[in-house]
Amino acid sequence: METIKEKIRKTITIILLIITLLIGGIGYIAWYNLFREVPIYYESPEEHFKYGSIGTEQNEGLPYWIWLVLPRLFPEKLPAPGGYTSLGFTWEEGKETPIGISKKTIGFPRQGITCAVCHSVTIREKPQDKPMIFLGGPSSKFDSQSYLRFLAACANDPRFTADYILDAIKYVYNLSWLDKLLYRYVIIPQTKKGILRQVAGFAWMDSRPDWGPGRISPFNPGKFRYLEQPLDDTVDNSDMMSIWNQKIKVESGFAYHWDGLETSLTETIQTGAIGDGATPKSIDIEGLKRVEDFIMELPPPKYPFAINPELAAIGSKIFDNNCATCHAFGREKTGTVIPIEEIATDRHRLDMWTQAAADSYNQYAEDYEWDFDYLRKTNGYVAVSLDGLWARAPYLHNGSIPTLKDLLEKPENRPQVFYRGYDVYDREKVGFVSEGVEAQKIGFQYDTSLIANGNQGHIYGTDLAAEDKEALIEYLKTL
Ligand code: HEC
Ligand code: HEC
């Protein structure tokens, strides 16, 4: 016979068991719908580069369905019609996301940015053409700052509510009742908070000149946040760089970034992902290794229009005499830092980086298998290689010179104001069309008199005779 005591004990045990199961069940459901990671894998290295994850979804990505409907809900907050393409994203037909946006399920589908959003360039011969897309080239259109401001404006709008957003999602995706509950009470409110938190961390950028399309502030965001350096008034607005053809650069021991603040390609890639919002826990080291393998072998694109071979041959000699020591592969200065006193271009980007920031970055991932050791402080800008140069306009580290023809002019004769972000090609000057009605309408006004936008320095070749300049430019098209 069971005693009453035993009966009570049994009942309590059963109740506890049920409670445990219930909590476990709820916990499992919560985990499954909010945190479960589903890896994505693209067989093709190219697709992986364009759409694969680098680990940015968890920390700074948005829920995919919310992200997708924002331009439909708040079109007036975009610079022009066309949804995300008005911010310079390139959306290939039939794809779920633009180039450089990944979609990954972590509990629910989320989006994140990838390397290709900044490191792919589009070029059109004529305004009515479809763009040619060159992976690994520096985007001249993607306007990261306006994207951030768009998200902020949406999150700050009183209409950013579950009712308004769920009503739009229903036209693109059928959420289950449980999803709807989660979106209403957890995901949408958290997204709003997340965007506002992220944007608050960027408040410092509003007191400095706008980045405009094709440029970002690459290091100040990290410097002030995870490298925990004091807020200062430096401006590091930088043009995006091409990242193709890495093998020869690695073999020749190139320094990386405009000022050569890194000397390891692997670390440049990993710090790139951290800068884009991956965390030491979420960073996808294997996925990044695939990106590295891809850009090691990725060739620079050939100039797609006609070249005059005789003229280019003459230009090749002029290049040898005036430029090769700093810009031809295998030469003594190519890929090394040229002191600022000598190159004399705008020094703000250089002065933004400090020894303390480099030390902090070198300590940043001490506890992980991968780690950073090669960040440093330099005193100038790297004599970059000129591979695929024709597709890399505007020129110099701050993108202050629209075309090659302008670069070979004396600083006082270079354009003081021009328009960036219009991707129609200027074959005459070699670069993008940077003036005229269309460029003004679509482009961003770049004013070289603003802080860190200076177009001085790098006066090599500016004394050449007009016909020599023409020949040199013809040769530069072949690189
Ligand atoms: C938001 C735009 C953006 C994203 C995303 C981005 N980069 Fe960059 N990247 C830049 C800019 C801008 C620079 C130049 C920064 C500087 O030195 O001022 C750069 C520099 C580089 C360089 C140095 C090139 C050289 O010749 O010195 C490499 C390599 C690179 N990025 C690779 C990557 C990889 C790989 C990813 C993805 C993990 C990535 N980047 C993501 C904007 C971006
Ligand atoms: C003493 C070394 C040196 C010489 C000589 C030199 N350059 Fe440069 N070049 C540099 C450095 C350093 C930079 C980067 C400067 C910056 O961005 O502020 C650069 C940048 C450039 C760029 C911009 C690349 C880009 O991606 O935006 C072009 C184009 C260029 N040089 C062409 C030439 C040509 C053409 C000649 C010869 C007429 C020449 N350079 C001579 C050191 C040199």
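# Close-up views of a predicted model

**View 1. The boundary between domain 1 and domain 2.** Between them, domain 1 and domain 2 bury about 470 Å², and 63% of this area lies on carbon and sulfur atoms. On the domain 1 side, the residues that lose the most area to domain 2 are Ile-29, Asn-33 and Leu-34, which together account for 88% of what that side buries. The contact joins four residues of domain 1 to eight residues of domain 2, while the centres of the two domains, taken over C-alpha atoms, are separated by 40 Å. In this predicted model, the chain is divided into domain 1 (1-34), domain 2, which is made of two segments (37-117 + 144-210), and domain 3 (238-476).

**View 2. Helix 1 against helix 7.** Helix 1 (residues 4-34) packs with helix 7 (residues 177-200) at an angle of about 80°, and their axes are 12 Å apart. Because of that angle, helix 1 is roughly perpendicular to helix 7. Where the two helices meet, Ile-29, Asn-33 and Leu-34 come from helix 1, and Leu-178, Asp-179, Leu-182 and Ile-187 come from helix 7. By class, the residues of this contact are five nonpolar, one polar and one charged.

**View 3. Helix 12 against helix 19.** Helix 12 (residues 309-322) and helix 19 (residues 466-476) pack with their axes 7 Å apart, at an angle of about 100°. Because of this angle, helix 12 is roughly perpendicular to helix 19. Helix 12 contributes Leu-311, Ala-312, Ile-314, Gly-315, Ser-316, Ile-318 and Phe-319 to the contact, and helix 19 contributes Asp-468, Glu-470, Ala-471, Leu-472, Glu-474, Tyr-475 and Leu-476. The residues in this contact of helix 12 with helix 19 comprise nine nonpolar, two polar and three charged ones.

**View 4. His-119 and the iron atom of ligand 1.** The iron atom of ligand 1 has His-119 as its only protein donor, through the atom NE2 at 2.0 Å.

View 5. Most residues other than glycine have a negative phi, and most peptide bonds are trans. The peptide bond that runs from Ala-393 to Pro-394 is cis, with omega near -15°, and Pro-394 is found in the loop between strand 9 (380-382) and helix 17 (404-407). Ala-344, although it is not a glycine, has a positive phi of about 60°, and this residue is located in the loop between helix 14 (340-343) and helix 15 (348-352).

Technical notes: Residues are numbered from 1 along each chain as its sequence is written. Chains are lettered from A and ligands numbered from 1 in the order in which they are written. This is a predicted model: local features need pLDDT of at least 70, side-chain atom pairs count only at pLDDT 80 or more; totals for chains, interfaces and linings use all residues. Side-chain values use heavy atoms; hydrogens and water are left out. Axes are lines fitted to C-alpha atoms, for helices over the stretch in contact, and angles run from 0 to 180 degrees between N-to-C directions. Helices (H or I, at least four residues) and strands (E, at least two) are DSSP runs, numbered from the N terminus. Angles under 35 degrees count as roughly parallel, over 145 as roughly antiparallel, 65 to 115 as roughly perpendicular and the rest as oblique. Contact means heavy atoms within 4.5 Å. Ala, Val, Leu, Ile, Met, Phe, Trp, Tyr, Cys and Pro count as nonpolar, Asp, Glu, Lys and Arg as charged, and the others, Gly among them, as polar. Donors are N, O and S atoms within 2.8 Å of the metal (3.2 Å for Na, K and Ca); water is not among the atoms, so sites may look incomplete. Domain bounds come from an automatic or database domain assignment. Buried area is the accessible area (1.4 Å probe) that two parts lose on being put together, summed over both.
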